[in-house]
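Subject: Structure handover

Hello,

Here is the structure I promised to pass on. Please open it and keep it beside this email while you read.

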Amino acid sequence: MDNLSRRSLVGAAVLGASLANRKAPASPPAWAPGPGSAEAGKCRITGVEVTHLSKPLKERFWMSLTPIGGYQPTASRTIVRIRTSAGITGEGEGGGGAAALFRSGFAELLIGEDPFMVEHLWQKMFRTTVSRLKAERGWSTANILAAMAPVDAALWDFIGKSARLPVYKLFGAYKDRVPCYVTGGYYREGKGLRDLVTECEGYVKQGFRAIKLKVGGAPVEEDVERVRAVRQAVGPNIDLMLDVNQAWDLHTAIRASHQMAPLAITWLEEPLRWYDDVSFLARLKKDCPIPLASGEHEETRYGARRLMETGAIDFLQFDCHARTGMSEWRRLAGMASALDIWMAPHHEPVVHGHLLASIPNGYILESFANPDRDPFWFELYSRRPEIKDSVLVLGDEPGLGVELDAAALKKYGTKVL
Ligand SMILES: [Mg+2]
């Protein structure tokens, strides 16, 4: 080796050692411009309006252990309107839990900001979960995450309207039609096997090609009979999913899945109890002949990442209508694609339809066919994408493509801000 080569080798080793000792920086370079827009005269958020919607349900639709909408069942929504200096208003919706936050300063985080800078606004809202402001204002982490959902959806609606593009095309669409399943098979007072079969035959007559049934609220053998009766009635060409809603222990889940697998089940959803539903899921996966779905209760991409890292799930059901918004869902869809996991979100076609249409690893959309179970899907919109023959068809209306019905807003709505 000549002197020059030796010197360059020694130099590389020294450089390598110094790089190896270097810690990743905690923030961008000190000289880098900060987040947000510094330019005066750019589009600004000028106002935030919030409406809370509430409608009591006519009866209790029981999942395994709890009724939909609580024991005094109520359907609820939070609608956020973001007004801008451009004269274009973004409208987004989320679950009903966190509307009050907007009265105690949450909306002020948005005022004066550039509504196109969604990532900046998302981070600004998210950072309050690790701030003293949270304690000062009496906010909970869960409520902050819930309040972020309608804000984030409203921002994307605004950007879509500004660009005159539907949100799924704004995201770079993959397709414009999304397959849907209907959720039913709830336990109800006095509901027998015949009623269950009639209900599911009704879904097939309506054109649905996939049905999700509730299980876990009866002894396993009884549930197997329920699922078998439905399978025999609808035939082999209808997809069936089963949702346990966290009712089983590990051993019951193993036993039940072996009994139900011969009935051609697309997925088994949230089979395990809340207190250890992630690590036990990995154990279940080793002895479960049905693909597994979970994630509707995950609050952020961090929790969803832990769930995916178990290798247990085949379908991720992250619900960005309930919390954190469409931006977080898109990040998760990317992570899921790298792990060969399908996205199959929980609830609310209005936002999840656009998201599923924008990615290649979107599997199916949840929907509802019973106005008593899900009244807002039927009453809240004077215009929305239609579901026909088990397919949601997205159009070219800008933004989220929905128009809220003024009469429904008046009837069920309370102005929060
Ligand atoms: Mg579920």
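**Two loop residues around α11**

Asp-340 sits in the loop that links α11 to β10 (342–343). Before going on, please note that the model is predicted. Asp-340 is not a glycine, yet its phi is positive, at about 60 degrees. Asp-340 has 9 C-beta neighbours inside 10 Å and therefore counts as exposed.

Thr-324 lies in the loop between β9 (315–316) and α11. Its phi is also positive, near 65 degrees, and Thr-324 is a residue other than glycine. Is Thr-324 buried or exposed? Thr-324 is buried, because 29 other C-beta atoms lie within 10 Å.

**Helix against helix**

Start with α11, residues 325–338, and α10, residues 301–309. Their axes come within 10 Å and cross at roughly 20 degrees. The two helices are therefore roughly parallel. The crossing of α10 and α11 is right-handed. From α10, the contact uses Arg-301, Ala-304, Arg-305 and Met-308. From α11, it uses Glu-328, Arg-331, Leu-332, Met-335 and Ala-336. By class, the contact of α10 with α11 holds five nonpolar and four charged residues, and no polar ones.

Helix α11 also meets α4. Here the axes come within 5 Å and cross at roughly 90 degrees. So α4 and α11 are roughly perpendicular. Helix α4 brings Met-148, Ala-149, Val-151, Asp-152, Ala-153 and Trp-156 to this contact. Helix α11 brings Gly-325, Met-326 and Ser-327. The contact of α4 with α11 has six nonpolar residues, two polar and one charged.

Next, find α7 (residues 220–234) and α8 (residues 250–260). Their axes are 10 Å apart, and the packing angle is about 30 degrees. An angle under 35 degrees counts as roughly parallel, so that is the term for α7 and α8. Helix α7 passes α8 in a right-handed crossing. Val-220, Asp-223, Val-224 and Val-227 make the contact from α7. Thr-252, Arg-255, Ala-256, Gln-259 and Met-260 make it from α8. The residues of the contact of α7 with α8 divide into five nonpolar, two polar and two charged.

**An open sheet**

Which strands form the open sheet, and in what order? There are four, in the order β3-β2-β1-β16, and the pairing is antiparallel. At the edges stand β3 (90–94) and β16 (413–415). Each has a single partner strand, so one side of each has no neighbour in the sheet. On average, neighbouring strands are turned by 25 degrees against each other, direction ignored.

Strand β1 covers residues 45–56 and pairs with β16 over three bridges, in the antiparallel sense. Leu-53 stands opposite Gly-413 in β16. Helix α4 (residues 141–163) packs on this sheet. There α4 touches β2 (74–84) and β3. The direction of α4 makes about 150 degrees with that of β3.

**Buried elements**

Strand β5 spans residues 210–214. Five of its five residues are buried, so β5 is largely enclosed by the rest of the structure. Ala-210, Lys-212 and Lys-214 point one way from β5. Ile-211 and Leu-213 point the other way. Note that Lys-212 and Lys-214 are among the buried residues. Strand β4, residues 177–184, runs parallel to β5 and is joined to it by three bridges. The bridge partner of Thr-183 in β5 is Lys-212.

Helix α12 (residues 349–357) is mostly covered. Nine of its nine residues are buried. Among them are Pro-349, His-352, His-354 and Leu-356.

**One more loop residue**

Asp-374 lies in the loop between β11 (365–367) and α13 (375–379). Asp-374 has 21 C-beta neighbours inside 10 Å and so counts as buried. Leaving aside residues up to four places away in sequence, Asp-374 touches Ala-75 and Phe-368. Glu-348 is 26 residues from Asp-374 in sequence. In space, the two are 9.8 Å apart, C-alpha to C-alpha.

Best wishes

Key:
Residues numbered from 1 in each chain as written. Predicted model: local features only at pLDDT ≥ 70, side-chain atom pairs only at ≥ 80, totals over all residues. Axes fitted to C-alpha atoms, helices over the stretch in contact; angles between N-to-C directions. Parallel < 35°, antiparallel > 145°, perpendicular 65-115°, else oblique. Left-handed = near helix turned anticlockwise from the far one by under 90°. Contact = placed C-beta atoms within 7 Å. Nonpolar A, V, L, I, M, F, W, Y, C, P; charged D, E, K, R; others polar. Pairing = 2+ DSSP bridges. Buried ≥ 20, exposed ≤ 12 C-beta atoms within 10 Å, placed from the backbone.
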